[in-house]
2 protein chains.
Amino acid sequence: MKAGNRTPGARLRIVLEPDIAIGPGKADILEGIRETGSIAAAGRRLGMSYKRAWLLVETMNRCFREPLVATSRGGRARGGARLTPTGERVLESYRRMERATAKAIDGEMTELRRLLADPEISD
Amino acid sequence: MKAGNRTPGARLRIVLEPDIAIGPGKADILEGIRETGSIAAAGRRLGMSYKRAWLLVETMNRCFREPLVATSRGGRARGGARLTPTGERVLESYRRMERATAKAIDGEMTELRRLLADPEISD
DNA sequence: GCTCGATATGTTCATATAAACATGTCGGCA
DNA sequence: TGCCGACATGTTTATATGAACATATCGAGC
C-alpha cells in the first residue's frame with residue numbers, strides 16, 4: 001500500500017514556491033489539529049505515526065514564512081497544538097481550491113470514466 | 001532533487017479507480033510520444049531514462065482497460081510508438097482538466113500567495 | 001550479414017521515504 | 001514526588017523509488 005492511491009477523484013497539490021507546497025496530506029493534518037487540538041490525536045485519526053505527523057507540521061512551519069501550527073508542551077489542558085490564523089487561512093484556502101477544482105472538472109471526469117468503462121469508442 | 005517540486009502552480013492528479021490514475025508525469029509522457037512518435041525520444045526530451053519512460057507506459061497500458069500507447073519494434077520508419085485513440089482522448093481530457101483547474105483556482109492562488117508573502121495579516 | 005535505432009527487460013547500486021522503536025522534555029495534577 | 005499526556009528527536013530497519021548499466025530482440029536498409 002503506497003500513497004496517492006486512495007479513493008477516486010481529483011487530488012490537488014498547490015506549489016507556491018519551489019519547495020513550499022501543500023497537498024491532501026498536509027491539509028488533512030491541519031484539519032485534524034484544528035479539530036482535536038493535538039498533533040498526536042490528529043495523527044492517530046489519520047492512521048499515521050506521531051513522528052510522521054509531527055514531521056509534516058515541522059516542514060510546514062519551517063517552509064512557510066510564518067508557522068501554521070503553534071504548539072505548547074505539557075500534559076492535557078496546557079499542552080497541545082492549534083492552528084495559527086495563517087494556518088487557518090491556508091487550510092480554508094486549500095479546501096476552497098479543492099471544491100472549485102472538483103466542480104470545474106466534474107463533467108470531464110464523468111466523460112473520462114465512461115470512456116474507460118466502455119470499450120465501444122468507435123470513432 | 002526530488003519529484004513534485006517543480007514550478008509554482010497547481011498539480012493535478014486524477015484517480016479513476018484505486019490503482020488507475022494519471023498525473024503530470026504520465027501526461028507529459030503521452031504528449032511526448034504523440035509529438036515524437038517514440039518512447040525513447042519522449043524520455044530524452046523529458047530528461048528521464050528510456051527505462052523509466054517505458055515503465056510509465058507499461059503501467060498505463062496495464063492498468064487502463066485499453067492500452068493508451070501502441071508500440072512496434074524495429075528501426076526508424078517501422079519501429080516507434082504512437083497514441084491509441086483512447087490515449088489521445090485521455091491526454092486531451094487531462095489537459096482540459098488542468099486548464100479548468102488553473103482557471104478555477106486562479107483567484108484563490110493569488111490571494112494565498114499574497115497572504116504568504118506579506119506578514120501583515122492583521123485581521 | 002552488419003549496423004542502426006527503437007522496443008523490451010534484467011540487474012545492480014544508491015537514495016529517498018516510510019515504519020518501528022526508543023528516549024528526552026515539559027507541565028499539571030493527584 | 002511520581003505519573004500521565006503531549007510535544008520533540010534520535011536511531012534503526014525495511015521498503016520504495018530512482019539511476020546506471022547491460023543485454024536481448026526486432027526490422028529496415030546498406
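Visitor: Which element gives the largest share of the surface near DNA strand C?

Guide: A residue is near a strand if its C-beta atom, placed from the backbone, lies within 6 Å of it, and helices (H or I, at least four residues) and strands (E, at least two) are DSSP runs numbered from the N terminus. Here α3(B) gives the largest share of that surface, 3 residues. This is a predicted model, in which local features need pLDDT of at least 70 and side-chain atom pairs count only at pLDDT 80 or more, while totals for chains, interfaces and linings use all residues. Residues are numbered from 1 along each chain as its sequence is written, with chains lettered from A and ligands numbered from 1 in the order in which they are written.

Visitor: Which residues come nearest to DNA strand C?

Guide: Of the 25 residues around DNA strand C, the nearest are A:G74, A:G75, B:I39, B:A40 and B:T71. At least two residues each come from α3 (50-63) of chain A and from α2 (39-45), α3 (50-63) and β4 (80-83) of chain B.

Visitor: How many residues of chain B are in contact with chain A?

Guide: Two residues are in contact if their C-beta atoms, placed from the backbone, lie within 7 Å; by that rule 36 residues of chain B touch 36 residues of chain A. On the chain B side, β1 (9-17) and α4 (85-117) each supply at least two residues, and α4(B) provides the largest share, 16 residues.

Visitor: In which sense do β1 of chain A and β1(B) pair?

Guide: Two strands pair if DSSP finds at least two bridges between them; β1 (residues 9-17) of chain A and β1(B) do so in the antiparallel sense over 7 bridges, with A:V15 opposite B:G9.
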